[in-house]
Amino acid sequence: MKPLNLHQCAGCSTSRRGFLKASAAAGMTWLSPISQSLAFSAENDLNHSEGKAVILLWLAGGPSQLETFDPHPHSDLAPGVKVVNTSIPDYQLAGGLEPLADLMDQVSVIRSMISLEGDHERGVYHIKSGYRPDPTVVHPSLGAIICHELPKGAVEIPNHISILPNQWPARGGYLGARFDAFQMGDPADPIPDVTQRVDEERMQRRLESLDVVERAFLAGRDPELDLLQTRHRATINEALRMMRSDQVKAFDIQLAAQAERAAYGDTAFGRGCLAARRLIETGVRCVEVTLDGWDSHVNNRETQAKRIATLAPALSALIRDLKDRDLLRRTVVLCGGEFGRTPRINPLEGRDHWPHGFSFLVAGGGFAKGRVIGATDPAGDSKEPDHPVRVADLHATVQHLLGLDPEKEIITPIGRPLALSDGRVLT
Amino acid sequence: MSRLNYMLLWLMLSAGMSSWWLVEHRAFHRTADSGDTHSGSDQHPRTESDPWIQPEDENLASDLTLFRRLCLGLTGTIPSLEWIRTFESWPHETRLNNTLQLIFEDPRYGDYMAERFARAFVGVENGPFLVYRRRRLVDDLSESIQSNQPYDRIVRELITAQGVWTSHPEVNFLTATIDPNNDKEGPDEVKLAARVSRAFLGVRIDCVQCHDDMFGNRWKQQDFHQLASFFAGAEMSLTGLVESEKPYEYRYKRKPETEVVPATVPFLPELLPQEGTPRERLAKWVTHPENLSFARTLVNRVWAIMFNRPLLEQVDSIPIDEPVPVLMDQLARTTIDHGFDLQHLIRTIASTEAFRRTSSGGETDGKELFPLTRLRPEQVAGSIIQSASLETVGVDSHILSRIIRVLQQGEFIQRYGDAGEAEFEARSGTIPQRLTLMNGKLVHERTEKNPILNAATRIGFLATDDATAIETAYLTVLTRRPTTDELNHFKKRLSGTHKDARANAMQDLYWALLNSTEFAWNH
């Protein structure tokens, strides 16, 4: 499959200088030719926010880079791992990701993500918000920032959605619970309870009575209680808007063609990815879909292989589908977890947490195509990957692609101004 | 009507439907804004001895509000109309003690508290079925709490448990950590060390499992694995969990080889006894009266259960070296002095001014209001089911109604969104919650026309007049009387209605009350 070169590549050479300098200083003799020939770049013909969206495929628990996007076939780090050639020359994926092989020229892979957090909860916080946990403030997730900064438009259903969330779904943080992701389960089942049980006239009477009860409760309380804390009436209004909107059909994947559903795989995650595409198409701004269970401290290969079997069809169908519908150029797709896994296998045949060089797949929305950024040490020793990409830098870049200025500051409730991201836009 | 409903119908008929008098309670006919604030049974003299008795103070919540808080916090549901009538018949000065007595004798108290503690002890997952029965553990905890076993003894039994997980329920605390995918047989020392430190000591020492604390914190990787080492001997055999001599081996970061890790405690080593098996020694150290962390953690958890919010922000993280709030230490000391008597601790917390403060109003002379918190899903489900009945659901009722309750709650809780172990974190309402309450099956079935099963219909038909019907519905759902505005509004809605129209008007009244902020939040 040959890529349609929709966009002109700009700024291919801007970050090479610093990178070459760093690699020379570090004496990194293990750099692969690919990583040296590729600098990160964004395509910027759509450098405005209109219609732009983000899908985050969240691989919870921390996927192993060695069993996915960074296999190191000639080392002893991942014995027995097969590799697959891809549509990027000289770049190989780990076996199991075959469905992605000929789509790789549509996406890019960062193999050199570095995080500062090696604990699940802190790691999730760091990657989802771009900031490290801080006892004085709760930072919003990327999706919440985007929904806060960009207009909602004509969307009558929630604008920020988390499908199959685990215990740490995307949240609004200091922006308020209004920007928390709307959580939903397996899209095999329709969104429950979106149909009112009485006729419209009786519903109106009920809502009028509810107003009377609410007034009694709010008497003597903070007038901003609903806005700032309970969001009770606010969510009732949002629920009513949703109940009365045709857009709820976007949640219902049974309305998609059978072949389309089959392509994503018969899994909750596959259905989640299909729902994500349908929601984005309807105008929803940010969707995260979680695939849990990558935390392979024990029996790494088996654990990873099971998840990869779910991920591969879903991710490839999503990329292909977005591209075929001309949605990819306005939709950023990110795929990764809170960290990678140790290059060395532990005594329980597992891999432990490794935030020092792990992989993220990025695509669409103005991201460069067919690039492989950075490299990790094939000997598995170095904690400093070549061309490291900081978590905050990825955030800043996505924000930039959506037409936001990462340096813009928001005044947090504690009065401290905070930039949307303290990262650097990768060019 | 489903078969279960028929069976329930039979059950209620055979139990005798003697609740008409609950609705006919004219003596209590008044509105919330006509001087009910301190529910003054003024004919009864007030004494100085009762902690709930204070000079009139607008910063304190009304007695009925306190009653609602206690019932929600300790049994998981709002009080029934039956209980409210009983409560109001008590002289003011006996209400706190009588309420707690009523609650402590109610089997829902043990069940509800046991589930809260179980979440901290073993989480919410059902785990490896072959060797783990969460239900057994919760039932056992429930019995212990109901019979007011000292909390330190409950914890020691969990840590030192031996035998088969089916006949020795406390063994499940250990077998819950068995990972069937793991080659290692028996409980997982690492998970147990994390549980023990978080759930019993309020210390998040598990952050240093893989490396020393990077943030200059006091814990070292060694502290964690030396704690884990106490559980190394816990092994599975044909006769269940046994204690062996097996050592704990671990390879520390930057060390070339695995080494045998000795069993030592991360702080207060002088409290660790020399005698006994490793788990017996650990259990005594954890629950030692001078190990203040143990009592503080208990205080924080019971406070969280009663307020829906811990006293110190994170329920499983209390500083060891830094000062904690004075109140926390006072409560911890009194808990230790009273031999870890849970009922005593609950009584003491209920008597604090913090618990009795109002949740509304602005000026509070610098003191905090009672926190407004979102009810947990099983509290909402339980309260919907309770509000559909005039009598108390679940105290003496047959096992069948309990099963129905569990079935109905299960589906509801899934939709409403259970926060699992993180159930005490502050949260706002969500759209799925509103959808579930507005359009969901549980609210619909518990409020639709059904003169046998549903209180909404029964109140509409039994009450002598509209005002009584409205007041009874308010008491049954919101544990308060309507304001004049509310009364007038709903009088118009009920006026002149009969039969189906009346049942519908009552259903709509119930719908409005059940969908209010007031119903879904603890206040």
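The model is predicted, so local features need pLDDT of at least 70 and side-chain atom pairs count only at pLDDT 80 or more, while totals for chains, interfaces and linings use all residues. Residues are numbered from 1 along each chain as its sequence is written, and chains are lettered from A and ligands numbered from 1 in the order in which they are written.

A:Thr376 counts as buried because it has 30 C-beta neighbours inside 10 Å. The cut-off for buried is 20 or more other C-beta atoms within 10 Å of the residue's own, with 12 or fewer for exposed and partly exposed in between; C-beta atoms are placed from the backbone. Leaving aside residues up to four places away in sequence, A:Thr376 touches A:Gln65, A:Asp70, A:Arg111, A:Ser112, A:Gly357 and A:Pro385. Contact here requires C-beta atoms, placed from the backbone, within 7 Å. A:His356 is 20 residues from A:Thr376 in sequence, and their C-alpha atoms are 8.9 Å apart.

Strand β4 (residues 107-114) of chain A is largely enclosed by the rest of the structure, because seven of its eight residues are buried. Strands are said to pair if DSSP finds at least two bridges between them. With strand β11 (residues 356-363) of chain A, β4(A) pairs in the antiparallel sense over six bridges, and A:Val107 is opposite A:Ala363 of β11(A). The pairing of β4(A) with β12(A) is parallel and has two bridges; there A:Ile110 faces A:Ile373. β4(A) also runs parallel to β13(A), joined to it by two bridges, with A:Met113 opposite A:Val389.

The next topic is the interface. In chain A, 39 residues are in contact with 41 residues of chain B. On the chain A side, β6 (182-184), α5 (200-218), α6 (225-230) and α7 (232-243) each supply at least two residues. α5(A) gives the most, with 10 residues. By class, this side has 15 nonpolar, 13 polar and 11 charged residues, where Ala, Val, Leu, Ile, Met, Phe, Trp, Tyr, Cys and Pro count as nonpolar, Asp, Glu, Lys and Arg as charged, and the others, Gly among them, as polar.

Chain B itself has 25 helices and six strands. Of its 523 residues, 49% are buried.

Methods
Helices (H or I, at least four residues) and strands (E, at least two) are DSSP runs, numbered from the N terminus. Two residues are in contact if their C-beta atoms, placed from the backbone, lie within 7 Å.
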